[in-house]
Amino acid sequence: EMFSLDDYQAGRMPRAYVQLVQVLVDSLVYLSPFALFPELGILSIPLVGLMTLFFKGLLELSKSFLDPFGVEGFKEQNIRVDVLVSELNFGAGSRWIR
């Protein structure tokens, strides 16, 4: 069973979807130099590097959002709720008190 009620309540995505997105991003990154070279020529080399940096970074960021509180993995990329709340409280206090 790939997507049970417990997974739904925890807000987890099916692993097949995550793997599909990984394959699509990898395919885009590997095939983009061949698609861009006839149109852009030598300019496609730095543009492919930038595109790879953007899409791979976005993919890693989206994977860290799958487990935002670091329960199952990605301990170094989790959302620190205590820091977030303290920053919000600090900002609210300095905003309304003059």
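The accessible surface of the chain comes to about 8,100 Å², and carbon and sulfur atoms account for 68% of that area. Accessible areas here follow the Shrake-Rupley method with a 1.4 Å probe, and for residues only the protein chains shown count as cover. Please keep in mind that this is a predicted model, in which local features need pLDDT of at least 70 and side-chain atom pairs count only at pLDDT 80 or more, while totals for chains, interfaces and linings use all residues. Residues are numbered from 1 along each chain as its sequence is written, and side-chain values use heavy atoms, with hydrogens and water left out.

Let's start with the overall fold. The chain has four helices and zero strands, in the order α-α-α-α from the N terminus. Helices (H or I, at least four residues) and strands (E, at least two) are DSSP runs, numbered from the N terminus. Of the 98 residues, 14% count as buried; buried means under 20% relative accessible area, exposed over 50%, and partly exposed in between (1.4 Å probe, protein chains only). Of the contacts (heavy atoms within 4.5 Å) with a separation of 6 or more, 36% are between residues 24 or more positions apart.

Next comes a charged pair. By the rule of a Lys or Arg side-chain nitrogen within 4 Å of an Asp or Glu carboxyl oxygen, the count is one salt bridge. It joins K56 and D26, with the closest N and O atoms 2.3 Å apart. This pair links distant parts of the chain, K56 in helix 3 and D26 in helix 2, 30 residues apart. In general, side chains of opposite charge can pair when their charged atoms come close.

| Residue | Relative accessible area | Class |
|---|---|---|
| D26 | 18% | buried |
| K56 | 28% | partly exposed |

Finally, consider the second largest pocket, with a volume of about 170 Å³. A pocket is an open set of points on a 1 Å grid over the protein atoms alone, where a 1.4 Å probe fits, with protein on both sides within 12 Å along at least five of seven lines; lining residues have an atom within 4 Å of a point. The volume is the space filled by probe spheres set on the points, which are joined across faces, edges and corners. Its lining has 11 residues, with Y17, V21, L59, S62 and K63 nearest the centre. Helix 2 (15–40) and helix 3 (44–65) each give two or more residues to this lining, and helix 3 gives the most, with five.
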